[in-house]
Each structure stands twice: as C-alpha cells, then as structure tokens.
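Please read it beside the sequence and the structure.

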Amino acid sequence: MTTLVSHHEIRDRFSKAMSAMYQAEVPQYETLLDLVAEVNRETLERDPELAARLKAHDELNRLGVERHGAIRVGTPAELTMLRRLFAVMGMYPVGYYDLSEAGVPVHSTAFRPIDDAALARNPFRVFTSLLRLELIESAEMRERATDILAERDIFTPGARELIELSECQGGLTDEQADRFVAESLETFRWHQDATVDLETYEALHAEHRLIADVVCFHGPHINHLTPRTLDIDEAQRRMPAAGMNPKEVIEGPPRRDCPILLRQTSFKALEEPTRFAGERQGTHTARFGEIEQRGVALTAKGRALYDRLLAESRQRTAGLTNEEHQRVLAEAFDDFPDTETELRRQGLAFFEYRPTEAGCEAGPATETEVEQLIEQGLITARPITYEDFLPVSAAGIFQSNLGGNGSEAYTGHANREAFEAALGAPVTDELTLYAERERSSLDAALASLGIPPVR
Ligand code: OOG
Ligand code: NI
C-alpha cells in the first residue's frame, strides 16, 4: 500500500517553499520579515502575559509562518484549475469578495484550510482574484485581452499530472508531494519577460493597470506574502527607517483591547525591470509585502456594526496621516464594545466554549445559562480568530499599489453566480463556518456538564 502524506503537510511545505522563492525574488520582503520578527520579539518581551497566552495556545512556534499571499488570474479555466491545485493542499474557496464596488475590475475568494486542526497546522491562504473582462468598456481591449490569455497555460504539465494523480489516489506520497510543490511553484513565479510588446502592454495599462498585470505575463505571479505581526502600529512606524515605503494608512479597525477582524498594512509595490516582446525594456509594478494582525471573528450583527462605524468615519478620515486616521477611527469605534464579555453578551463576536476542569468534575450542572456557567468557572469562552478578508481593506491594498482610486465605471456589479460558475464550485460562506464552530463547541462543553444542547 502507498502511504500518503496529509494535505496539510503539503500546504506547509508549499507555503515555506513559496516564502523562500519570494524572499529571493523580492529582497525587500526579506527585510520586512526581519522587521516583523524584531517587533514580535520585542512585543513578547514587553508583554509576558501575551507570551504566556500564545505559548498556551501553541502559537509561538508558528508565529513566523506566512499567513497569506495573493494572485490574480484571467480566465475561468485558470480559476477552476487553481481550485483543484489548492484542494491538493487542503485549501478550499471561502467567501466571495466583490472588488468592483471599489473600482477594481475583479472578484475574489480565499482558498484556505477550514477545520481547527488544519488551521492550527498551517493557516496559509491565498486571496485569489479573477479579472472581469466583461466590465471593460472597450470591446477592442476586451477582445485583445481575451486572445492573449487564450494563448497561455499557467500550469506545468507536471503540475497537471500530479493534481490528477492526487484526485485519483486521494492524496500524494512523500516524493510526489515534493514534486507537486516544485511544479506548482512554477505557476506563482515571477517572469521578467512579458508575453506582449510594449505597445500592447501600454494600451492595456491605460485601460486599467490591473488588466496589464493579469494579461501580459506568463503566469499569475504571487504579488505579496503576509506574515503575522503582534504590533502592526509599531511595524508601520518602523518601515521607513528600514527602507520601506509603507502605504498611507493601516486598513481595518483601530487598535483595541479586544482586537476584532483584521488589520493590514504593506510596503508599496516596487518598479521592476521587464523585457517586452521585440527586446524592448520597460518596467512593471506589481509586487509588494504586507503584514497582518488578526482579532476575533464577528457575527453578522457585529459585522454590520463594524461596517457602519467604518462607513461613518470614512469622510472624516479621508486624506489623514496614519496617526490621525487611527485617532479618528478609534473615536468612531467608541461605540463598539471592547471587552470579551460584552462582545459575547451582545452577540457581536464568535467564541469557542470549553468545559473547565472544575466543570468536568462538578457533576451535572443545575444552571443552564451560558453566562452563568462562565461566571461559575464551569466553562470558558475563547475568541475565535477571524480567518478571512475584508473587501474595503482589500480594495485599499489594491489601490495603494495601483496608484490612485479605482474607476467608478465598475461599481455595483457583484456577481457571485458568475464567479462560482468560473470556479466550477460554490464558495463556502465564512459566517456559517464560524457559527458552526461556536455551536459545536458549546454543545460539547454543555454535554460534558450533563446539559442537553440549547436550540
Ligand atoms: C489582493 C489584495 C487583497 C488582502 O490582504 O486584503 C489582499 C491583490 O492585490 O491581488 O491581499
Ligand atoms: Ni493581502
């Protein structure tokens, strides 16, 4: 019998190989990793309580592992094949993000591990966008882009074979897994040679910079990787001194006692030499480095509050420096409860419940109110980390690298059905995943206290 390695093992190998490749390709990314490691080390020294908590949750040893990367593809066939490629690594499409709303002609999903054990092993995700040629006004440009994309195959024959093999066998052997990682890495590699001449590049670029980025190259080069920082404000402050040009503001919620959702910032994309058909030299700007800090996942109610406060502060934060932006944002978020107890009681965030030792020993509980059980020390609630992305933040990241604002022309075109058709599968709803996790942990915790599940 052939022994297969786990999908999660393959994802772990892949994310490490991708990181090594990207550090070699983009030296400034290596500098970012060093800076993040330094800030993390200092934060842990300053905050022993945080260090103890991360240690208890087995988080310290994977602190340095990248959390996500991003790519952009041009056709439904490319997206479908990517879905199959990521499935080999236990990564599945979660969430639908409409970026047209923000003037960027793409819609996206995140391929990511889903269950707790998989996330704990290695949470690596890939934010994947599909170019929406149908939103481009010029019929001529649309056709030209379609023709160029039809000429390329972004997968090596070896990668295609191994994906099929994995689907037939239900996985890969150790040796096949290594070959799969090497072959699939080719899809994400940077190519200095464009597939088109400079005139074509410039014409597509004039339509939208993103179109040139997706259409004119041999493959969907990974455009950033993102490690996890324990103090994003400090990392942002230190970027210039380390030679990086940070985007103007940190995206997402302000700094809080109980972090929510996701905060992100990046150094801006670098201009890189590119060789166009006909031996003409030029440059292309696509690749950058990002950092992220995650907090608790919000319920639909919590998310609605987040979206409202963010929208309300938008006018007031426009054009501010990051420091002022964060101050105004923090004021706007005064209305968002900032203790775990309140987040839980008001049903704003998701928690994972566990019985305590005392709870397990206490015998059948007489109390069935969850909050009472927590107060009595019979069960504990721990925030569930947000594993997904935020469309407004993603748009901010896109735009900081595309120069200026997106075009109004693309707005209001969410089309999840079309995206799922291109993907060849439905995307999983992220809120449902968090709700199920919370529910099953609560049922199990109550069961160990001899209480039937609440419905
Ligand atoms: C993706 C930008 C979105 C994030 O972290 O929100 C993103 C891209 O530029 O292709 O990565
Ligand atoms: Ni990102």
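1. Strands S3 and S4 are paired in the antiparallel sense over six bridges. Here strands (E, at least two residues) and helices (H or I, at least four) are DSSP runs, numbered from the N terminus, and two strands pair if DSSP finds at least two bridges between them. Ala110 has Phe127 as its bridge partner in S4. On the matter of provenance, this is a predicted model, in which local features need pLDDT of at least 70, side-chain atom pairs count only at pLDDT 80 or more, and totals for chains, interfaces and linings use all residues. Residues are numbered from 1 along each chain as its sequence is written, chains are lettered from A and ligands numbered from 1 in the order in which they are written, and side-chain values use heavy atoms, with hydrogens and water left out.

2. S3 also pairs with S2: five bridges join these two strands, which run antiparallel. Ala110 is the partner of Val94 in S3, and Ser108 is the partner of Tyr97 there. Seven of the seven residues of S3 are buried, so the strand is largely enclosed by the rest of the structure. The term buried means under 20% relative accessible area, exposed means over 50%, and partly exposed lies in between (1.4 Å probe, protein chains only).

3. Contact means heavy atoms within 4.5 Å; axes are lines fitted to C-alpha atoms, for helices over the stretch in contact, and angles run from 0 to 180 degrees between N-to-C directions.

4. Strand S8 (residues 271-277) pairs with S9 in the antiparallel sense over six bridges, and Pro273 has Thr283 as its bridge partner in S9. The loop between S8 and S9 holds Glu279, whose phi is positive, about 65 degrees, although it is not a glycine. Glu279 counts as exposed, at 66% relative accessibility.

5. Leu261 likewise has a positive phi, near 50 degrees, in a residue other than glycine. Leu261 lies in the loop between helix H11 (232-238) and S7. Leu261 is buried, at a relative accessible area of 1%.

6. Which residues coordinate the nickel ion (ligand 2)? They are His68 (NE2), His224 (NE2) and Glu290 (OE), at 1.9 to 2.1 Å. His68 in strand S1 and Glu290 in strand S10 link distant parts of the chain, 222 residues apart. Both are buried: His68 has a relative accessible area of 2%, and Glu290 one of 1%. Donors are N, O and S atoms within 2.8 Å of the metal (3.2 Å for Na, K and Ca); water is not among the atoms, so sites may look incomplete.

7. Helix H17 (residues 391-402) is mostly covered, with 10 of its 12 residues buried. Those buried residues pack against several elements, including strand S1 (68-73), strand S3 (106-112) and helix H10 (209-215).

8. Helix H4 (residues 76-87) and helix H18 (residues 416-423) pack with their axes 7 Å apart, at an angle of about 65 degrees. The two helices are therefore roughly perpendicular to each other; angles of 65 to 115 degrees count as such, those under 35 as roughly parallel, those over 145 as roughly antiparallel and the rest as oblique. H4 contributes Pro76, Leu79, Thr80 and Arg83 to the contact, and H18 contributes Phe419, Ala422 and Leu423.
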